[in-house]
Amino acid sequence: MNQPSKPFNIDKREVYEAYLQVRSNGGAAGVDGVTIEQFESDLKSNLYKIWNRMSSGSYFPPPVRAVSIPKKSGGQRILGVPTVADRVAQAVVKQLIEPALDAIFLADSYGYRPGKSVLDAVGVTRQRCWKYDWVLEFDIKGLFDNIDHELLLRAVRKHVTCAWALLYIERWLTAPMVQEDGTVIERSRGTRNRAW
């Protein structure tokens with residue numbers, strides 16, 4: 001008897017490799033309270049669930065846990081901590097889209113890029129400080145908190161054609177955030193509620 005195929009062709013090996021990446025990065029538990037160690041206690045079943053749901057189109061990300069991080073300039077920055085399982089699912093998509101997207105970035109773009117680090121940016125800055133007599137610095141206040149989802153998705157769709165990757169990126173953008181007091185915040189703008 002033939003089993004019906006899944007709507008999205010995602011290799012189980014890709015899910016396992018995504019898990020290895022998440023494991024190497026470490027990180028805190030999300031809203032479910034499950035640590036990486038607890039996730040690993042039933043690893044085969046947990047990875048199968050992620051693969052099965054992503055392959056069938058039925059994966060919906062859980063809310064992220066809000067965590068306040070102090071800013072150097074004072075005040076707090078709110079970051080969203082996804083569950084371990086959700087970080088694995090995000091890593092599956094990242095593995096697929098990163099090679100094509102990384103190729104279109106400028107060489108001087110260092111944030112969240114493979115093979116580039118803060119130290120690389122500092123090194124280039126140090127070299128250029130000896131070469132030029134001026135420095136230009138700018139910051140877009142609240143960019144990650146206020147970015148328009150439709151504008152972001154339009155840019156992503158220009159470079160990502162994989163239907164399931166687009167589906168899950170959109171779901172991650174709109175996943176709610178749970179504050180420490182249990183209040184659920186729905187999201188229609190911004191990307192701070194995701195840690196990819």
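Which residues in H1 meet which residues in H4? Glu14, Val15, Glu17, Ala18, Tyr19, Gln21 and Val22 in H1 meet Val84, Arg87, Val88, Ala91, Val92, Lys94 and Gln95 in H4. Here, contact means heavy atoms within 4.5 Å. By class, this contact of H1 with H4 has eight nonpolar, two polar and four charged residues. Ala, Val, Leu, Ile, Met, Phe, Trp, Tyr, Cys and Pro count as nonpolar; Asp, Glu, Lys and Arg count as charged; the others, Gly among them, count as polar.

## The model

This is a predicted model, in which local features need pLDDT of at least 70, side-chain atom pairs count only at pLDDT 80 or more, and totals for chains, interfaces and linings use all residues. Residues are numbered from 1 along each chain as its sequence is written, and side-chain values use heavy atoms, with hydrogens and water left out.

## The whole protein

The secondary structure comes to eight helices and four strands. Along the sequence, the pattern reads α-α-α-β-β-α-α-α-α-α-β-β. Helices (H or I, at least four residues) and strands (E, at least two) are DSSP runs, numbered from the N terminus.

The C-alpha trace spans about 75 × 40 × 35 Å along its principal axes. The protein has 196 residues, and 32% of them count as buried. Buried means under 20% relative accessible area, exposed means over 50%, and partly exposed is in between (1.4 Å probe, protein chains only). Now take the contacts with a separation of 6 or more: residues 24 or more positions apart account for 67% of them.

Two packed helices are described by the angle between their axes and the distance between the axes. The axes are lines fitted to C-alpha atoms, for helices over the stretch in contact, and angles run from 0 to 180 degrees between N-to-C directions. H1 covers residues 12–25 and H4 covers residues 84–102. H3 covers residues 43–56.

| Pair | Axis distance | Crossing angle |
|---|---|---|
| H1 and H4 | within 8 Å | roughly 115° |
| H1 and H3 | 10 Å | about 120° |
| H3 and H4 | within 10 Å | roughly 50° |

The angle of about 120° makes H1 oblique to H3. H3 and H4 are likewise oblique to each other. Angles under 35 degrees count as roughly parallel, over 145 as roughly antiparallel, 65 to 115 as roughly perpendicular and the rest as oblique.

What is the hand of the crossing of H1 and H4? It is right-handed. The crossing of H1 and H3 is right-handed. H3 passes H4 in a right-handed crossing too. A crossing is left-handed if the near helix is turned anticlockwise from the far one by less than a right angle, and right-handed if clockwise.

Next, the residues behind the other two pairs. Lys12, Val15, Tyr16 and Tyr19 in H1 meet Leu43, Leu47, Tyr48, Ile50 and Trp51 in H3. That contact divides into eight nonpolar residues, no polar and one charged. Leu47, Ile50 and Met54 in H3 meet Ala85, Val88, Ala89, Val92 and Val93 in H4. This contact of H3 with H4 has eight nonpolar, no polar and no charged residues.

## The nonpolar core

A nonpolar core is a set of buried Ala, Val, Leu, Ile, Met, Phe, Trp, Tyr and Cys residues joined through side-chain atoms within 4.5 Å. The largest one holds 31 residues. Ile10, Val15, Met54, Val88, Val93, Trp164 and Tyr168 touch the most other members. Which elements give two or more residues to this core? They are H1, H2 (36–40), H3, H4, H7 (149–159) and H8 (163–174). The largest share, eight residues, comes from H4.

Look at Ile10 up close. Leaving out residues up to four places away in sequence, Ile10 touches Val15, Trp51, Met54, Ser55, Val92 and Trp164.

Ser55 is found in helix H3. Ser55 counts as buried because its relative accessibility is 1%. With residues up to four places away in sequence left out, Ser55 touches Lys6, Pro7, Phe8 and Ile10.

Trp172 lies in helix H8. At 0% relative accessibility, Trp172 counts as buried. Trp172 and Gln90 are 82 residues apart along the chain, and their C-alpha atoms are separated by 8.5 Å.

Ala175 sits in the loop between H8 and strand E3 (177–178). Ala175 counts as buried, at 3% relative accessibility. Ala175 and Ser117 are 58 residues apart in sequence and 28 Å apart in space, C-alpha to C-alpha.
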